[in-house]
Amino acid sequence: MSSTKKTKQGSVKTPELENHGKYSLVNIWVVTLALKLLLSIGYHSTDFDVHRNWLAITRNLPISQWYLEKTSQWTLDYPPFFAYFELFLSYFIPPIVRNDGCLDIVEKGNYGIPTIYFQRMTVIVSEIVLFGSLQWYINTSKSHSAARRAYVVASSLVLSPGLLLIDHIHFQYNGMMYGILILMINCARLEKYLWCGAWFAILLCFKHIYLYLAPAVFIFLLRAYCLQLKIDKSKNFISNSIGLVRWGNLIKLGSIVLIIFTVAFAPFYKVLPNVIERLFPFSRGLTHAYWAPNIWAIYSFLDRLLIQIYKKVTLSQLPLQKIFKFDSELLQNEDLIRSSTRGIVGDIEFLILPTISPKLTFVLTLFYQIMALIPLFLQPNFRRFMGALTLCGYASFLFGWHVHEKAILIVIFPITFLVSRDKKLLAPFNLLVSCAYVSLFPLIFTSGEWLIKVVYTTLWYIIYYFNFRKVVLPFKNFVGDGEIILDRFINGYILGLIPMVTLVSLIDLFEHKFEVLQKLEFLKLMLISVYCGIGIISSWNGFNWLYFMDESIWDDEIDNN
Ligand SMILES: *[C@@H]1O[C@H](CO)[C@@H](O)[C@H](O)[C@H]1NC(C)=O
């Protein structure tokens, strides 16, 4: 009570002096540790063997060979810091794990329980980066109500079903990667721009998927740290636009980023072309084996639908042929059609609709990213920065080439930092997280984990649905009936996930008994992708609307978070 009073008197004080100790993430770490340990011997995906293989490569081979070695198909395709990280981990491998085959360079890993325990522990321990960075985010809040909101944000992220499913069941190191991202984000919030640039460069040298966020970080640091423009808000034009580059800052920031990249890549200078080729394999297809719920899932679905119409409705053949000018010979090939409706196609992605090239996906992604950067350039504050990061993530997920459904975390993390303050953002947020987390369900298809993924995700959603509603500030403007109706509609769509998941689970359950159901194998994945895809695209629309139309959400002034 007394400390609340102190804040209200409004004296200027450094955030560190404030004691937000009661909002501690340590309890959460301890409690969830038990669950993670329980899950550790359960199902894991091939990503587990990928990381085991990288441990073996980095430990056994000289640096120059790391990006050349290809005994296993799981070649090293993350940037150097991640390779150093694997090397670092390999020094902790006890003899019993080594004898278990953990460090063998083989085509297919031959390992047992000790290796599994060891690698699971590395994920759990490295996740401390995430807990630490979020605790720092809470600690540096400026007021008690801000700390309370920060706690809801932080706990929702460390407890995210996405992390549980992807890291602790499927197997990856996202907790640590997103921990570094949050260090970057919190440095931006505290206006430590050099650190912000440094953390982001470090992150890129760990995992290059974050390149998708680079446009937003670049524009933010350029505007907030390296340029000195005064923008006249009322007239919306840029005055003093020439000659105001802060050269000192630009050079400082540039050298820090350069040094980090040099440290990462210099040891590989002789094999640099091989490293680049490994990092950017464009030979992969447009969609991943499972369709990520994005624009291309809808597009693929339309193609499959048109094939059926073409085959079943004779009248439709001529007009379809006229519009899309496809090769109708291909549609005579029953094998091809069967394989395409099962989703396993070689080079041909689409039979009726025009083929999508990597270039087109690249142009679309960049276009939507640049749109998001314009408001950030005009108003380079923290909330705009988070908004631009969110939209860059959305653009890459919705339009990118060969997107994995796991990549949706790149949207969920930045958007979560925004929703705790404005009620209007809750609707797109709820739609996004519910559809995104459900779309991860097919990653974990074993029956043992069914209960965990469904129950955990549902509980998480209910808890944070109410917690976010409780901590957000009330509407500043009048809300019309339209928005309330829209809210109901969105909630209805989210509830629709329940019958869909039930249906899919029932198909799973009775698959062995009835042959008819086995034919539905792909249909059921398509159902999830399309339903969740429409949800995620709608949440993107809603977010865009608020980003471009509603000025009131994006000021930092209210309480500076
Ligand atoms: C946050 O604050 C608590 C209590 O004041 C302190 O014990 C902890 O070390 C701080 N953590 C970080 C990461 O700053």
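Start by selecting Ile370, a residue of helix 18. Is Ile370 buried or exposed, or something in between? With a relative accessibility of 45%, Ile370 counts as partly exposed, because that value falls between the 20% and 50% cut-offs. Keep in mind as you click around that this is a predicted model.

Now widen your selection around Ile370.

**Zooming out**

Show the whole protein chain for a moment. Of the 561 residues, 53% count as buried. The chain exposes about 26400 Å², and carbon and sulfur atoms supply 67% of that area. Then there are the contacts between residues at least 6 apart in sequence: 78% of them join residues at least 24 apart.

**Salt bridges**

How many salt bridges does the structure hold? The count is six, and we'll visit some of them. The general idea is that side chains of opposite charge can pair when their charged atoms come close.

Select Asp47 and Lys406. They form a salt bridge, and their closest N and O atoms are 3.7 Å apart. This pair links distant parts of the chain: Asp47 is in helix 3, Lys406 is in the loop between helix 19 (382–399) and helix 20, and 359 residues separate them. Both Asp47 and Lys406 are buried.

Next, select Asp550 and Lys424, whose side chains meet in a salt bridge at 2.8 Å, N to O. Asp550 lies in the segment after helix 26, and Lys424 sits in the loop between helix 20 and helix 21 (426–439), so the pair ties together parts that are 126 residues apart in sequence. Asp550 is buried, with a relative accessible area of 14%. Lys424 counts as buried too, at 13%.

Now go to Asp508 and Lys524, another salt bridge, with the closest N and O atoms 2.5 Å apart. Asp508 belongs to helix 24 (residues 497–510) and Lys524 to helix 26, 16 residues apart. Are the two partners buried or partly exposed? Asp508 is partly exposed at 31% relative accessible area, whereas Lys524 is buried at 7%.

**Glu69 in its loop**

Jump to Glu69, in the loop between helix 3 (47–60) and helix 4 (80–90). Glu69 has 13% relative accessibility and so counts as buried. Show its surroundings: setting aside neighbours within four places in sequence, Glu69 is in contact with Ile57, Leu61, Thr75, Ile105 and Arg278. Pick out Ile57 and check the C-alpha to C-alpha distance to Glu69: it is 7.6 Å, although the two are twelve residues apart in sequence.

Your next stop is Ser24, in the loop between helix 1 (2–9) and helix 2 (26–39). Ser24 is buried, with a relative accessible area of 18%. What lies 3.1 Å from a polar atom of the Ser24 side chain? That is the backbone nitrogen of Val26. Not counting residues up to four places away in sequence, Ser24 also touches Gln135 and Tyr151.

Follow Gln135 into helix 7, where the buried residues are Leu130, Phe131, Ser133, Leu134, Gln135, Tyr137 and Ile138. What covers them? The cover includes helix 2, helix 8 (144–158), helix 9 (161–171), helix 10 (174–189) and helix 20 (409–419).

Technical notes. Residues are numbered from 1 along each chain as its sequence is written. This is a predicted model: local features need pLDDT of at least 70, side-chain atom pairs count only at pLDDT 80 or more; totals for chains, interfaces and linings use all residues. Side-chain values use heavy atoms; hydrogens and water are left out. Helices (H or I, at least four residues) and strands (E, at least two) are DSSP runs, numbered from the N terminus. Buried means under 20% relative accessible area, exposed over 50%, partly exposed in between (1.4 Å probe, protein chains only). A polar contact is a pair of N or O atoms within 3.5 Å; within protein, one must be able to donate a hydrogen and the other to accept it, and residues adjacent in sequence count only if both atoms are side-chain atoms. Contact means heavy atoms within 4.5 Å. Accessible areas come from the Shrake-Rupley method with a 1.4 Å probe; for residues, only the protein chains shown count as cover. A salt bridge is a side-chain nitrogen of Lys or Arg within 4 Å of a carboxyl oxygen of Asp or Glu.
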